[in-house]
Amino acid sequence: MIHESYYWKQPLLESVIKFKECEAFEEINEELYVKIEQAVFIGFYSIRKLLETETKITSSLKNQKYDLDWFSYVGDNVTWRNNYKIDELYNLSKPQLEKRDLWFIASRVIHSFIFNPCINQSGGFDGIIFTSDIDKNKKLYMLSLD
C-alpha cells in the first residue's frame with residue numbers, strides 16, 4: 001500500500017528529465033543503456049503500484065490512452081534463442097498504431113519477453129520496444145519517448 005505517493009512520483013519525474021537529455025546524445029554507451037533499462041522497468045513498476053491505489057492517481061490519468069506503434073509477427077516461434085533477431089521476427093517496415101492505457105503498457109513492459117531501448121539516428125535514446133510472453137508471437141510494441 002502506498003501512503004505517500006511523492007516518493008513514487010518524484011523519481012518518475014526525474015527519469016523523464018534524464019530520458020529527454022539522453023535523446024540528444026550522439027552515443028549511448030553500455031552503462032547508460034543499462035541505466036535507461038533499469039529506470040524504465042522501475043518506472044513502470046512504480047506506475048503500476050500507483051495505478052493500484054484508489055486515490056493517488058486521477059481517474060482521467062488511469063483511463064488516458066497512449067499511442068503505441070506495433071509491428072506484426074512474421075517469423076518463427078519467438079524463443080529465448082532467437083528473441084534478439086527482431087528484424088526477422090517482426091515486420092518493422094509497416095508500423096501500425098493502437099491506443100492503450102497505462103496499465104496495459106506497464107504490465108507488458110514488466111512481463112516483457114523482448115525489451116530494448118530504441119536508439120535514434122543520431123545515437124540518442126528514442127523510446128522502447130517490447131512484447132510480453134503473451135504477445136510475443138503476435139506483436140512487437142514501440143513506445144516513443146514523446
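The largest share of the lining of the second largest pocket, ten residues, comes from helix 1. Helices (H or I, at least four residues) and strands (E, at least two) are taken here as DSSP runs, numbered from the N terminus. The structure is a predicted model, in which local features need pLDDT of at least 70 and side-chain atom pairs count only at pLDDT 80 or more, while totals for chains, interfaces and linings use all residues. Residues are numbered from 1 along each chain as its sequence is written, and side-chain values use heavy atoms, with hydrogens and water left out.

Rolling a probe the size of a water molecule over the atoms shows where empty space is left. On a 1 Å grid over the protein atoms alone, a pocket is an open set of points where a 1.4 Å probe fits, with protein on both sides within 12 Å along at least five of seven lines; lining residues have an atom within 4 Å of a point. Grid points are joined across faces, edges and corners, and a volume is the space filled by probe spheres set on the points.

The second largest pocket has a volume of about 320 Å³. It is lined by 19 residues, and S15, K18, F19, K35 and A39 are the closest to its centre. Helix 1 and helix 2 each supply at least two residues of this lining. By class, the lining of the second largest pocket holds eleven nonpolar, four polar and four charged residues (Ala, Val, Leu, Ile, Met, Phe, Trp, Tyr, Cys and Pro count as nonpolar, Asp, Glu, Lys and Arg as charged, and the others, Gly among them, as polar).

The largest pocket has a volume of about 860 Å³. Its lining is made of 26 residues, with V16, F44, I47, L102 and L143 nearest the centre. Two or more lining residues come from each of helix 1 (6-23), helix 2 (30-51), strand 1, helix 5 (102-110), strand 4 (125-132) and strand 5 (139-144). Here too helix 1 gives the most, with seven residues. The lining of the largest pocket has 18 nonpolar, four polar and four charged residues.

Helix 1 itself can be checked for length. Its 18 residues should span 26 Å at 1.5 Å a residue, and the end C-alpha atoms are 26 Å apart, which agrees; the expected span is 1.5 Å times one less than the number of residues. In helix 1, S15, F19 and C22 are buried (buried means under 20% relative accessible area, exposed over 50%, partly exposed in between, with a 1.4 Å probe and protein chains only). These residues cover an arc of only 55 degrees around the axis, which puts them on the same side of helix 1; the arc is that of the directions from the helix axis to the C-beta atoms. L13 and I17 are exposed on the other side of helix 1. Helix 2 and strand 4 are among the elements that cover the buried residues of helix 1, where contact means heavy atoms within 4.5 Å.

E27, in the loop between helix 1 and helix 2, is exposed, with a relative accessible area of 62%. E27 and G123 are 96 residues apart in sequence and 4.6 Å apart in space, C-alpha to C-alpha. D135 sits in the loop between strand 4 and strand 5 and is buried at 7% relative accessible area. Not counting residues up to four places away in sequence, D135 touches F104, R108 and Y141. D69 lies in strand 1 (residues 65-72) and is partly exposed, at 29%.
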